[in-house]
Amino acid sequence: TIGAFPPDPTESSFPGDTSAGEWTRFGAAYAGIEIIQDPATAPQGERYLQVAADWTAGQRVGVRYIPYEIVSDWDGYTHAHFTARAIGSTTGTTIQFAVFEEDGDVWVSSDLPIGSEWDEYAVDLLQDLHSNSTEGDGIFATSPIILFGWNVDNADNTGTQSIHFDNVRLGDVTSSISDWMFVY
């Protein structure tokens, strides 16, 4: 539903027993997930997703969102847009946009550098994603999407960091917004 993150953003495991509209998380560096309500720091509106990472515990943290309709139809949408930033030193930190198909295929973007200011990211779903699994048929399809989210990596493996995400849209950044995406 447009305008709000789900009320309970955490789940005990990934993928675990999750239901539509929930966030899941994984990775040794995972140190917390929270929906921040602060109009002064939000890039638009008043809320955004905050993922905390403790890089001394590991090099990766990931979050995934399960849309309200479990199997989502992304047909006709060739681009995904989102905004992101990191609080704390961004040296060595990168993000990847990830998409999971119902048949087991996992697709991720190349590593995207992240800075300390809110930046707009655009991922061409047909050009910028590469396979990250041995499951499924190995053919990218936009109609059986069950999860999307991000991988966050830190090559330096030291310190803590807070990574923020907001304004996820499919299609043209100014118009075509899928009805289950979150926008503020």
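1. Thr 90 sits in the loop between strand S5 (79-87) and strand S6 (93-101). Strands here are DSSP runs of E of at least two residues, and helices are runs of H or I of at least four, both numbered from the N terminus. Thr 90 is partly exposed, at a relative accessible area of 24%. The scale runs as follows: buried is under 20% relative accessible area, exposed is over 50%, and partly exposed lies in between (1.4 Å probe, protein chains only).

2. This is a predicted model: local features need pLDDT of at least 70, side-chain atom pairs count only at pLDDT 80 or more, and totals for chains, interfaces and linings use all residues. Residues are numbered from 1 along each chain as its sequence is written, and side-chain values use heavy atoms, with hydrogens and water left out.

3. What does Thr 90 touch beyond its neighbours within four places in sequence? Its contacts are Ile 114, Gly 115, Ser 116 and Gln 161. Contact means heavy atoms within 4.5 Å. Thr 90 and Asn 154 are 64 residues apart in sequence, yet their C-alpha atoms are 8.5 Å apart.

4. Now the chain as a whole. The protein chain has twelve strands and zero helices. Of its 184 residues, 48% are buried. Among contacts with a separation of 6 or more, 73% join residues 24 or more positions apart. The chain exposes about 7,900 Å², and carbon and sulfur atoms supply 48% of that area. Areas come from the Shrake-Rupley method with a 1.4 Å probe; for residues, only the protein chains shown count as cover.

5. The largest nonpolar core has 34 residues. Those with the most contacts inside this core are Trp 74, Phe 82, Ile 95, Phe 97, Leu 125, Trp 150 and Phe 165. Strands that each supply at least two of its residues include S5, S6, strand S11 (145-154) and strand S12 (160-170). Another core, of six residues, lies apart from it, and Ile 66, Ala 98, Val 106 and Leu 147 are among its members. A nonpolar core is a set of buried Ala, Val, Leu, Ile, Met, Phe, Trp, Tyr and Cys residues joined through side-chain atoms within 4.5 Å.

6. Phe 82 deserves a look. Leaving out residues up to four places away in sequence, Phe 82 touches Ile 95, Phe 97, Trp 150 and Phe 165, among others. Phe 82 counts as buried because its relative accessibility is 0%.

7. The whole structure holds ten aromatic pairs. Rings of Phe, Tyr and Trp (its six-membered ring) pair if their centres lie within 6.5 Å; planes under 30 degrees apart are stacked, over 60 edge-to-face, and the rest tilted. Phe 82 and Trp 150 pair edge-to-face, with 5.4 Å between centres and 65 degrees between planes. This pair links strand S5 to strand S11, 68 residues apart. Trp 150 is buried, at 0% relative accessibility. Phe 97 and Trp 150 also pair edge-to-face, at 6.3 Å and 70 degrees. Ring pairs join Tyr 65, Phe 82, Phe 97, Tyr 121, Phe 148, Trp 150 and Phe 165 into a cluster.
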